[in-house]
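Thanks for coming. I will go through one structure this morning, starting with a pocket and then moving to the chain interface and its charged pairs. Please have the model open while I talk.

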Amino acid sequence: MASNPPLIELRGVTKVYGEGATQFHALKGVDLDIAVGDFVAVMGPSGSGKSTTMNILGCLDVPSGGTFLFRGHHVEALDRDQRALLRRRYLGFVFQGFNLLSRTSALENVELPLLYRGDDKKARRAAAMGALEKVGLDRWWDHTPAELSGGQQQRVAIARAIVTQPDVLLADEPTGNLDSERSVEIMELLTGLNRDSGITVLMVTHEADMAAYARTVVHFRDGLVERIEAQHPPGAPVSAAAGAGND
Amino acid sequence: MLGTTFLLAIRSIRRHLLRSFLTILGIVIGVGAVVTMVTLGKATTAQVQQNISSLGTNILQIRPGQGFGRGGGGPRPPDFKPEDVTAIATQIAGVTAVAPQAQSTATAIYEGANWSTTINGTTNAYFTVQPWPLASGRYWTPAEQSAGKAVCIIGNTVRQNLFRGGEAVGLRFRLGNVSCDVIGVLSTRGQAGFGGDQDDVVIMPINAVQRRFTGTRDVRLMLVGVDQRYANASVQASITDLLRERRNITGGKQDDFNIFDTKQISDTLTSTTQLLTRIVTAVAAISLIVGGIGIMNIMLVSVTERTREIGIRLAIGAVANEVLMQFLVEAVVLSMLGGLVGLVLAQVAIGALSWAGGLPFLFVPDINVVAFAISALIGVVFGYFPARRAAALNPIDALRHE
């Protein structure tokens with residue numbers, strides 16, 4: 001697993017909302033490298049720019065200035081649909097509020113990204129069941145979100161995020177709506193995916209407990225990266241953690 | 001990609017069955033109403049035309065009196081003379097035949113059964129002016145006609161009631177005081193255009209009816225066959241002139257007879273029915289448009305309500321066009337579904353209304369196809385705006401939408 005060039009490179013990324021007197025500088029020049037296979041926790045008070053950064057990293061938003069390289073390609077120049085295709089191919093999303101389609105079975109929810117990818121029915125079913133198995137919910141495949149607990153819903157969401165075998169899993173406060181026991185389960189699931197499947201995980205959190213699972217913690221303050229810490233989470237291979245910490 | 005979009009649309013419709021049903025209700029009613037109205041209109045027109053043509057096309061009916069009925073007050077205008085019949089037949093160009101008619105009523109008796117019916121005395125010309133094939137038996141011969149023999153050709157209603165539906169040709173029955181031989185049975189014609197059963201009739205040579213029933217040689221009614229190559233109106237004008245002269249009507253005095261052109265009546269009735277059909281169809285078409293607006297309304301609400309879902313789809317990697325197509329296909333599938341249900345309901349309504357109105361059941365393929373196509377078109381037109389709105393959503397805002 002080579003880590004050069006980095007999977008993601010942000011260079012002097014700025015983001016400005018509004019115009020004139022009401023202009024707001026959400027990002028004031030962010031530099032950030034993320035290596036393949038890293039598990040990054042993004043922390044910071046609200047308004048620090050962490051959500052804006054995550055939106056840009058998730059290709060949902062474009063920077064106002066600076067460059068964003070993903071696998072060596074400039075993302076800031078891509079249009080809406082090109083970014084959508086990039087998300088479809090390389091990214092998976094997990095949200096705080098789960099964001100599953102209501103009245104839709106777990107299986108159909110997990111299948112959704114594959115539908116857009118144009119897989120045939122058999123391949124879809126197989127991949128979706130595989131993803132559900134990975135999150136330990138294959139026996140619940142026909143349940144709708146309303147019939148699942150919060151923790152289960154988040155696991156379905158994770159299955160949906162990984163069903164396309166993305167390079168990066170972006171998780172926006174994935175445990176924000178869960179109690180501590182479920183939170184631990186979700187974090188262990190993410191850690192396992194990171195370790196076993198090599199998925200790079202980017203996670204926004206404001207809980208230090210959750211950030212403790214990451215190998216790299218990026219602290220944001222006032223639209224800038226304040227500091228980057230490398231740490232040795234329990235169960236993580238030391239060498240990978242050391243590699244990430246070299247930046 | 002279209003297959004996927006179609007699948008997504010079906011799933012979404014299935015998830016919101018009640019809402020989907022309410023959405024398509026307008027289209028169901030619109031399509032149903034248009035198809036029902038057009039079909040019933042066509043059935044009515046066909047019925048009117050059939051009724052009129054059962055009177056015979058290219059026929060002029062001449063009666064004493066002014067206009068329909070007898071006209072108000074005054075002495076009743078005299079009937080026609082046999083000489084009038086000959087004069088019209090021989091002197092007017094474009095006349096193929098003239099059938100005089102003398103009418104009476106009498107009770108027919110056969111074994112235990114009796115039946116009161118209309119007696120129509122006429123000549124063989126009657127059957128050439130307005131062809132009326134026989135179900136069995138024969139027409140009378142010229143000899144029987146001039147001799148005024150009591151030979152009858154009976155309508156099917158008479159056969160049913162007097163002979164209990166059995167074979168009647170060759171049997172003899174009593175008609176009033178006259179003993180009468182059945183030589184033919186007419187094929188069934190059904191209801192006349194203006195009510196009355198055309199099959200409830202006994203047709204005899206006019207001489208026999210005049211001698212044994214009416215007691216005069218007068219002619220109540222003449223049917224004039226007009227050659228296809230001549231215009232009914234010009235033949236009608238010539239006959240009017242001739243009859244005015246023969247009946248001594250001079251100067252500004254009004255005709256004391258009337259000539260009734262079946263073709264003209266047929267045309268008038270047909271165009272009236274068609275006009276009515278068009279008006280009712282237009283009203284029904286408006287309800288289709290209202291149905292379309294209903295779809296747009298619900299789709300707009302649906303886009304707002306499903307903002308977060310759209311956000312999820314966009315985040316997962318749906319491109320704008322896929323979201324647009326999903327909502328568009330959803331609208332089209334919904335409206336086509338509505339169209340389909342409307343078509344089915346229309347056939348039911350047409351069946352029921354035709355039965356109630358005594359009309360033949362008609363299936364008009366064109367209008368069904370057109371109405372269905374329009375329902376699909378409505379889906380495209382009224383689904384496009386909501387779909388574009390959905391596709392234009394910003395994924396971040398959409399995901400944050402509560």
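**A pocket, an interface and some salt bridges**

The second largest pocket holds about 500 Å³ of space. This is a predicted model, where local features need pLDDT of at least 70, side-chain atom pairs count only at pLDDT 80 or more, and totals for chains, interfaces and linings use all residues. Residues are numbered from 1 along each chain as its sequence is written, chains are lettered from A and ligands numbered from 1 in the order in which they are written, and side-chain values use heavy atoms, with hydrogens and water left out.

On terms: a pocket here is an open set of points on a 1 Å grid over the protein atoms alone, where a 1.4 Å probe fits, with protein on both sides within 12 Å along at least five of seven lines, and lining residues have an atom within 4 Å of a point. The volume is the space filled by probe spheres set on the points, which are joined across faces, edges and corners.

What lines this pocket? There are 21 lining residues, and those nearest the centre are A:Phe95, A:Gln96, A:Asp172, B:Leu399 and B:Arg400. At least two lining residues each come from helix H1 (50-57), strand S6 (91-94) and strand S7 (168-172) of chain A, and from helix H13 (395-400) of chain B. Helices (H or I, at least four residues) and strands (E, at least two) are DSSP runs, numbered from the N terminus. H1(A) gives the largest share of the lining, four residues. By class the lining has 10 nonpolar, five polar and six charged residues; Ala, Val, Leu, Ile, Met, Phe, Trp, Tyr, Cys and Pro count as nonpolar, Asp, Glu, Lys and Arg as charged, and the others, Gly among them, as polar.

Now the interface. In chain A, 26 residues are in contact (heavy atoms within 4.5 Å) with 27 residues of chain B. The two chains bury about 2300 Å² between them, 56% of it on carbon and sulfur atoms. Buried area is the accessible area (1.4 Å probe) that two parts lose on being put together, summed over both.

How many salt bridges cross between chain A and chain B? The rule finds four, and over all chains the structure holds 27. A salt bridge is a side-chain nitrogen of Lys or Arg within 4 Å of a carboxyl oxygen of Asp or Glu.

In one of them, B:Glu322 pairs with A:Arg88, with the closest N and O atoms 2.4 Å apart. B:Glu322 lies in helix H11 (residues 320-357) of chain B and A:Arg88 in helix H2 (residues 80-90) of chain A, so this pair joins two chains. B:Glu322 is buried at 10% relative accessible area, and A:Arg88 is buried at 12%. Buried means under 20% relative accessible area, exposed over 50%, and partly exposed in between (1.4 Å probe, protein chains only).

A:Glu108 and B:Arg14 also form a salt bridge, at 3.6 Å, N to O. This pair runs from helix H3 (residues 106-117) of chain A to helix H1 (residues 2-15) of chain B. A:Glu108 counts as buried, at 14% relative accessibility. Both residues belong to a network of salt bridges that also links A:Glu111, A:Arg124, A:Arg125 and B:Arg11.

Within chain B, B:Asp218 and B:Lys81 form a salt bridge at 3.1 Å, N to O. B:Asp218 lies in the loop between H7 and strand S9 (221-226), and B:Lys81 in the loop between strand S1 (59-64) and helix H3 (82-91), so the pair ties together parts 137 residues apart in sequence. B:Asp218 is partly exposed at 22%, as is B:Lys81 at 40%.
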